[in-house]
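Subject: A structure for you to look at

Hello,

Here is the structure I promised to pass on. Please have it open while you read, and my notes on what turned up follow below.

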Amino acid sequence: MTTHTPRAPHAPRARNHRDKKKRVTLVLAPVAALAVIVPLMNQAGAATPSEVTADCSADSDKLENCEFVDVQFKANSLGPNQRVSPVTENCGSTAAATNTFSVSTSVTRTIQLEDGFTAAADTKLGSSFFEIGIKFNSTEFNITRDDKTTGLAFSRSDTVQPDSIGFFMWSAKRTDVSGFLRATYKEEQDGQKVFFAPSEGAATVHVFYPQILKNGTPDGRLWLRNVKCGTPEANGVLNSGNSLRAEPGFDEGGGNVTDVEVPLTDIPAT
């Protein structure tokens, strides 16, 4: 009989410290590579909509061109309601009073984009606004395409109701053109030169072009407003003095307010 001597069990293999270190290195390598890539991408990032707006507003030297792209428009859009004459008081009286009012206001092209945003006529963007405006003249009115101001000033006698205050209100008619900004940079950013604010195809940048009648008078709505004395509405007007404040529109003042529209034909031509 042959006797086999059992083999001694293999001693456990000593773990190699270098192998462990290699394994750890392999796990960490992709993370380290990612950390290197992220800063490089940030450095070459594309212009943001806010940066496009700022560069266009400043007529930056970085720009080859900046233009407003119109998407849609609405004519005869009424602007803010403005008090355009001094207030005449007839409080405590039981009789109507006739008064001569000095009416004055002005209109200019405005841009609704960001606080403090401007676009002078001699800038790339200002030139774009001017050129686009050509499309929106009509047989009834012209529009103010540049950044010049058109005034309205005249005197008119009218009636202040008993125990009321009276003054004139105005709301300019404007052509509201909405669209977006397209900026072309001289140098590539993130592989491209053209960027948009807020985005391509958007209709959230508004340019309000004042409408000017053929006789040179600003187009709009003018009305005489009478407000009963001692009411919150009258007190609000009197306490505000000559400062600007939000006013309700035509026939929107409530039961203590009476509005009478003045035909545009009654407004003297400029």
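Does Cys229 count as buried or exposed? At 14% relative accessibility, Cys229 counts as buried, where buried means under 20% relative accessible area, exposed over 50%, and partly exposed in between (1.4 Å probe, protein chains only).

A word on the basis first. This is a predicted model, in which local features need pLDDT of at least 70 and side-chain atom pairs count only at pLDDT 80 or more, while totals for chains, interfaces and linings use all residues. Residues are numbered from 1 along each chain as its sequence is written, and side-chain values use heavy atoms, with hydrogens and water left out.

The disulfides

A search of the whole structure finds 2 disulfides, a disulfide being a pair of cysteine sulfur atoms within 2.5 Å. Cys229 is bonded to Cys91, with 2.0 Å from S to S. This link is left-handed, with -85° about the S-S bond. Cys91 lies in the loop between strand 3 (88-89) and strand 4 (97-108), and Cys229 in the loop between strand 11 (220-228) and helix 4, so the pair ties together parts that are 138 residues apart in sequence. Helices (H or I, at least four residues) and strands (E, at least two) are DSSP runs, numbered from the N terminus. Cys91 counts as partly exposed, at 38% relative accessibility.

The other disulfide joins Cys56 to Cys66, with an S to S distance of 1.9 Å. Here Cys56 belongs to helix 2 and Cys66 to strand 1, 10 residues apart. The torsion about their S-S bond is about 95°, so this disulfide is right-handed. Cys56 is buried with a relative accessible area of 2%, and Cys66 is buried with 1%. If the bonded cysteines are numbered in sequence order, the pairing reads 1-2, 3-4.

The cores and helix 3

Cys56 also turns up in the largest nonpolar core: of its 23 residues, Val52, Cys56, Phe68, Leu125 and Phe129 touch the most other members. A nonpolar core is a set of buried Ala, Val, Leu, Ile, Met, Phe, Trp, Tyr and Cys residues joined through side-chain atoms within 4.5 Å. Helix 2, strand 1, helix 3, strand 6, strand 8, strand 9 (192-197) and strand 10 each give two or more residues to this core. Strand 8 gives the most, with 4 residues. Leaving aside its neighbours within four places in sequence, Phe68 is in contact (heavy atoms within 4.5 Å) with residues including Leu125, Phe129, Ile132, Val177 and Val207. Apart from this core lies another, of 15 residues, with Val103, Leu152, Phe168 and Ala172 among them.

Which residues of helix 3 (residues 124-133) are buried? They are Leu125, Gly126, Ser128, Phe129, Ile132 and Gly133. They cover an arc of only 155° around the axis, which puts them on the same side of helix 3; the arc is that of the directions from the helix axis to the C-beta atoms. Among the elements that cover these buried residues are helix 2 (49-58), strand 1 (63-78) and strand 8 (164-189).

The structure holds 10 salt bridges, a salt bridge being a side-chain nitrogen of Lys or Arg within 4 Å of a carboxyl oxygen of Asp or Glu. One of them brings together Glu67 and Arg182, at 3.2 Å from N to O. That pair links distant parts of the chain, with Glu67 in strand 1 and Arg182 in strand 8, 115 residues apart. Another is formed by Arg83 and Glu247, whose closest N and O atoms are 3.1 Å apart. Arg83 counts as buried at 18% relative accessibility, and Glu247 counts as buried at 9%.

Arg174, found in strand 8, is buried yet has no salt bridge. The nearest side chain of opposite charge is Asp176, 6.7 Å away; Lys and Arg count as positive and Asp and Glu as negative, with His and the chain ends not counted.

Met169 is also found in strand 8, and is buried with a relative accessible area of 0%.
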